[in-house]
Amino acid sequence: MFKIQTLNNISVAGLERLPRDRYEVASEIANPDAILVRSAKMHELPIAPSVKAIGRAGAGTNNVPVAAMTGRGVAVFNAPGANANAVKELVIAGMLIAARNIAQAWQFSRSLTGDDAAISQAVESGKKQFGGFELPGRTLGVIGLGAIGVKVANAARALGMKVIGYDPTITVRRAWQLESDVQAALSIDDLLARSDFVTFHVPLTDATRHMINAERIQTLPKNAVLLNFSREGILDDAAVVAALDQGHLYAYCCDFPSNLLKDHPRVVTLPHLGASTREAEDNCAIMVADQIREYLESGNVTNAVNFPEICLPFNGDHRLAIVNSNVPNMVGQISTDLAAAGLNIIDMLNRSRGDVAVTLIDVDQRCSDETLARLQGISGVLSVRRLGG
Ligand SMILES: NC(=O)C1=CN([C@@H]2O[C@H](COP(=O)(O)OP(=O)(O)OC[C@H]3O[C@@H](n4cnc5c(N)ncnc54)[C@H](O)[C@@H]3O)[C@@H](O)[C@H]2O)C=CC1
Ligand SMILES: O=C(O)C(=O)COP(=O)(O)O
C-alpha cells in the first residue's frame with residue numbers, strides 16, 4: 001500500500017487516479033511515500049524520510065525545497081502547462097480591468113444610494129471619472145514565454161494588440177507555438193521601453209526576484225500598466241506603488257494582495273486566483289497524480305523539475321530504482337554489488353540531469369534486504385527502491 005499525504009485541497013479527479021486498493025490518501029498520514037501539494041509552503045516543514053516524491057499540482061515549485069529534496073534523492077514533479085489557460089484568461093481580464101477601470105467603477109456603482117432616478121443621475125455625472133482606453137494597437141510586453149506567456153501573447157494578438165516578448169531560454173516547442181508576428185525584445189529594458197502593458201510569466205528565482213525595480217519602472221512609457229500573475233517578489237511592489245503615486249504608471253493588477261497593495265486606488269489585487277478554475281485544478285491534479293503513481297510503481301520519471309526524464313517499460317517483476325550523484329563509476333559499483341549477490345541484470349537504463357542520475361535496473365530475482373542496504377551504502381547513492389515482486 002502506498003501512502004499519499006495531501007498538503008492542500010487536491011482535485012478529486014486527480015486523487016481518483018490513485019486506486020484505493022493500492023493507495024491510502026489523507027491530509028494526516030504517518031510515513032507517506034509521496035506528498036501532493038499546491039501552494040503550501042514546505043521550506044520549513046519537516047519532510048519524513050519515507051517520502052520518495054513530491055507532486056506540485058501546479059506550475060511554480062518555489063514553495064518546495066527542491067535542492068534539499070534532490071540531495072535526498074526525492075523527485076519533485078509539477079504539472080507544466082496544466083493551468084496555463086486559466087492564468088491566461090485572468091491576465092486578459094486584468095488588462096481589461098485596468099484599461100476600463102472596472103474595479104473602481106464597480107465600487108462606485110455599489111456605493112450609489114437613493115431611488116433609481118437618483119442613481120441614474122449619479123451614474124451619468126459620475127461615469128466620466130472611469131473613462132478608459134481600448135486594447136487594439138496597444139503594445140503588450142510579455143516577460144517569460146513559457147506555457148502561460150505564449151498563451152497570453154497569442155490571445156493579445158487575437159485582440160489586436162502588438163506583442164513583444166522576452167525570454168532568453170525559450171524552448172523550441174514554445175517558440176513554435178508563438179504567433180509569428182510576436183516580436184522578440186533584445187532585453188528587458190528594450191521591452192519595457194516599448195510596452196503599454198507588461199505581464200510577467202517567469203518563475204520566482206534569485207535571478208527574477210525584483211526584476212522590476214524603481215530604476216526600471218522609469219524606463220516604461222508614462223501611463224503603462226503592469227500585470228503580475230506570476231509570483232509576489234518578481235516586482236518591487238514599493239517601487240510600483242511609488243510610480244503609481246507619481247502618476248508615472250496607470251495601474252497595477254496582480255494576484256498577490258498585501259497591506260501595501262490591497263487598498264491602493266490604482267491597484268487591483270486578486271487572491272491568487274490564477275489557477276483556480278475547475279478545469280485547471282482537475283488538469284493539474286490528474287497530471288501530477290499520474291506522474292507520482294508511475295514513479296512510485298515503476299521508477300519512470302515524467303515532468304520532474306529536478307530529475308531526468310526516464311522511461312523503461314516495467315513488467316512488474318523485479319526492479320531497482322536508484323537515484324545517485326552524477327559522478328563516474330556509479331553504475332559500475334552498483335552492478336558489481338548486484339553480481340556479487342548473484343543477481344543477473346535483465347535490462348537497465350541510466351539517465352542524468354545536472355548533478356543527479358536515475359538508474360533503473362531490472363533483475364532476475366528479488367533483491368535481498370542485505371544487498372539493498374549495500375547499494376544504499378555506496379557513496380553517491382541517494383536513494384534505492386525495490387519495485388515489483
Ligand atoms: N497566479 C497563479 O495562480 C499562477 C502563477 N504561476 C506562476 O507563473 C510562472 C510561469 O508559469 P509557466 O508559464 O507555466 O512556466 P514555464 O516554465 O512554462 O515558463 C516560464 C518561462 O520563464 C522563462 N524565464 C525564466 N527566467 C527568465 C528570465 N529571467 N527572463 C525571462 N524569461 C525567463 C523560462 O525560459 C520559461 O520559458 C510559474 O513559475 C508560477 O510562479 C503559474 C500558474 C498559476
Ligand atoms: O501553479 C502555480 O504556480 C500557482 O501559483 C497556482 O497555485 P495554486 O495551485 O492555485 O495554489
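An oxygen atom of ligand 1 sits 3.5 Å from a polar backbone atom of Gly-274, where a polar contact is a pair of N or O atoms within 3.5 Å. On its own, ligand 1 has 860 Å² of accessible area, and the protein covers 83% of that; areas are by the Shrake-Rupley method with a 1.4 Å probe.

Before going on, some bookkeeping. This is a predicted model, where local features need pLDDT of at least 70 and side-chain atom pairs pLDDT 80 or more, while totals for chains, interfaces and linings use all residues. Residues are numbered from 1 along each chain as its sequence is written, chains are lettered from A and ligands numbered from 1 in the order written, and side-chain values use heavy atoms, without hydrogens and water.

Back to the ligand. Asp-167 has a polar side-chain atom 2.6 Å from an oxygen atom of ligand 1, and a side-chain N or O atom of Thr-169 is 2.6 Å from a ligand oxygen atom. Both residues are among the closest of the 25 that surround ligand 1, counted with a heavy atom within 4 Å.

Now the sheet. Seven strands form an open sheet, paired in parallel, in the order β8-β7-β6-β9-β10-β11-β12. Strands are DSSP runs of E, at least two residues, and helices are runs of H or I, at least four, numbered from the N terminus; pairing takes at least two DSSP bridges. The edge strands are β8 (183-184) and β12 (267-269). Five bridges join β6 (residues 139-143) to β7 (residues 162-166), and Gly-141 has Ile-164 in β7 as its bridge partner.

Terms used. Polar contact = N/O pair within 3.5 Å; in protein donor to acceptor, adjacent residues only side chain to side chain.
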